[in-house]
Amino acid sequence: MELLPQALIDGILLGGIYITIAIAFSLTYGVMHVIDFAVGEWIMFGAFAGYYLNKWTNLDPFILLPVVFIVFALIGYLIQPVIHRVMSGNRGNPLLMGLVFTFALGLMFQGLALTVFGFYTNSIPSMFSEGSILIERLGISVTIPTIRLAGLCYALAITAVLHYLLKKTTFGLGVRALAQHKDAAGLMGVNGKRTGAYVYAIYVGISAMTGVLIGCILSVSAQMGSQYTIFAFFVVVLAGMGYLAGVPWAALLLGMVQSIFLIYFDPGHTLLAVFAILYTILLISPRGLFGRGV
Amino acid sequence: MKGFNIRWALLVLALLLAVPTVIHDTFVLRVLTEGIMWIGLAIAFDVIAGYTGYLNFGHGAFFGLGAYTVAILMMRANWPFALALLAGGGVAGIGAVIAGLPTLRLKGPYFAIATWALSRAIQQLALMMEITGGPDGMRLNAFLNPQFFYYLMFGVVAATFITLWYLLERAPFGLKLKAIREDEQGAMALGLNPTKLKMQSFVLSSLPTGILGGIYAYWITFIDPASTLGDLVSDQALVMVVFGGMGTLIGPVIGAVVIFAFKTVFWAYLSEYQVLYLIILGALIALSVVFMPNGVWGTFMGAKGGKRQKKQEAGKIIDVRAPQEEGE
């Protein structure tokens, strides 16, 4: 039982990071109506970018975050028109085609990563990696690694920026309008194509940045991608489709599940637990934990 | 189905039936048997993906469920093969019902990732359980008779093809599934029950997959979580269906033949570049989606949107290669 408070704290700290991925992920879905199967691969590529940049420049990964964001946002901006093309025009089943296309992207990315980076597992050193804060109160002692705390701060900052962008700017208004009704938003003068490209760019950038953090806190490997795709999906479905306010809670729950499995059970069984929870919740409440999804 | 000639089909059937009497080379028979298995897996995948519009990335999981059921029943409980095979199909079918119960209520994209997560979960289950042999896999008693497996595989796939052809192209069932694919709410308004139909289609897709998995286990005599429950089965079925043409029965057959031939050649000469195979699969899917969303069959041959029809219906069908301007 002494480990329980530690597990819960770890879970909160880890879950914070998933919030950023899940918000960007469900934003993309809202605007482009495509589930990006390559989300985990973006995280993986971001982690490797952070790993190699750190190796070459010896700069701290936290300083490298903006660089990673800009590079990957550019890549996302360039790729989005292809996805847009697959899903538009006079084709049967645009949604299915978009899904198949991003899945194919993910497959290619994974193959590329395995070819280039091999099967090794690494981790990114950071100035926060060493330290930790020890809290002892009422006979319970909890260690908070500084790196995880820094990760949570990053997650809160990104969430705040996204919140500001969505709720206070004209761009955000356009994004929300597109998510509500594509055609009507187009009639009101929202350029769906360009807004979609921006949103996709932001999403790819954030996923890659979060990948760097995951690389610092956990590890970097070419096979890590698919696990995070499933995690992102888990959070979004649990929160309820398109219900952004539910995302943080679902992400924290995922962090808890992961850390509890890490401490009490075999970490290899996390996916099994994740699926069991997902299955049960979908069976009882298909519209997410809060019943507010679409 | 336009362009599908029953005489040609009978000719192909007769040719395939005659093959083992002419060719006695074990290797050739083995390759042909596996090719036929992939045809079966591809058409089964197309029932839920192409006709119903729900991508099932857990296709490999149902294949593995069938394989493991047969292996466990034969090795641990000493069941005869025929009974174990039926049980394998049954387990895959029941698995589809259990998996479909919550996931088929979701819209298309969510079903896709949920089934993907399911396949991962089943793989982990097979890795940790004792009855499945864990990561070491299971070995079955070998039954060395290539002709037997050829005819069995051929019989099952032919029966699957004929059943699906009747249900999807001749009976109203196929039209109902297509209605769900095109517009689920519209289908509901017509008095159809989408959840029930999707479930039927899911079971129809998983049952033959489980049976094929069972035959595969007994034929290959060794199964392990990495080869039988991995993503590769689903990925290959997807590339075959997308490349050949979704939502038709002939498309996946063409796709399966072409991709399987490529795979055989690739593994024969370039087996050290396994990862390259992943990239090629991904690139093939992506290119097919971008440049020929109707697949080989739909783009070049007699099916809807084909070259012949295009002349007659010029103006109705838009050339997929022409870049399309958005009206935004």
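Visitor: At what angle do helix 2 and helix 6 of chain B pack, and how far apart are their axes?

Guide: In this predicted model, helix 2 (residues 26-51) and helix 6 (residues 146-170) of chain B pack at an angle of about 20 degrees, with their axes 9 Å apart. Axes are lines fitted to C-alpha atoms, for helices over the stretch in contact, and angles run from 0 to 180 degrees between N-to-C directions. Helices here are DSSP runs of H or I with at least four residues, strands are runs of E with at least two, and both are numbered from the N terminus.

Visitor: Roughly parallel or roughly antiparallel, then?

Guide: Helix 2 and helix 6 of chain B are roughly parallel to each other, a label used for angles under 35 degrees.

Visitor: And which residue classes make up that helix contact?

Guide: The residues of the contact between helix 2 and helix 6 of chain B divide into 19 nonpolar, four polar and one charged, where Ala, Val, Leu, Ile, Met, Phe, Trp, Tyr, Cys and Pro count as nonpolar, Asp, Glu, Lys and Arg as charged, and the others, Gly among them, as polar.

Visitor: Switching to the interface: how many residues does each chain give?

Guide: The contact takes 40 residues from chain A and 40 residues from chain B, two residues being in contact if their C-beta atoms, placed from the backbone, lie within 7 Å.

Visitor: Which element gives the largest share on the chain A side?

Guide: Helix 4 of chain A does, with 15 residues, and the elements that give two or more residues to that side also include helix 3 (61-87) and helix 8 (192-217) of chain A. The side of chain A that touches chain B divides into 26 nonpolar, twelve polar and two charged residues.

Visitor: What about chain A as a whole, how many helices and strands?

Guide: Chain A has eleven helices and four strands, and of its 294 residues 50% count as buried, meaning that 20 or more other C-beta atoms lie within 10 Å of the residue's own, with C-beta atoms placed from the backbone.

Visitor: And chain B?

Guide: Chain B comes to 15 helices and two strands, and 48% of its 328 residues count as buried.

Terms used:
Residues numbered from 1 in each chain as written. Chains lettered and ligands numbered in written order. Predicted model: local features only at pLDDT ≥ 70, side-chain atom pairs only at ≥ 80, totals over all residues. Buried ≥ 20, exposed ≤ 12 C-beta atoms within 10 Å, placed from the backbone. Parallel < 35°, antiparallel > 145°, perpendicular 65-115°, else oblique.
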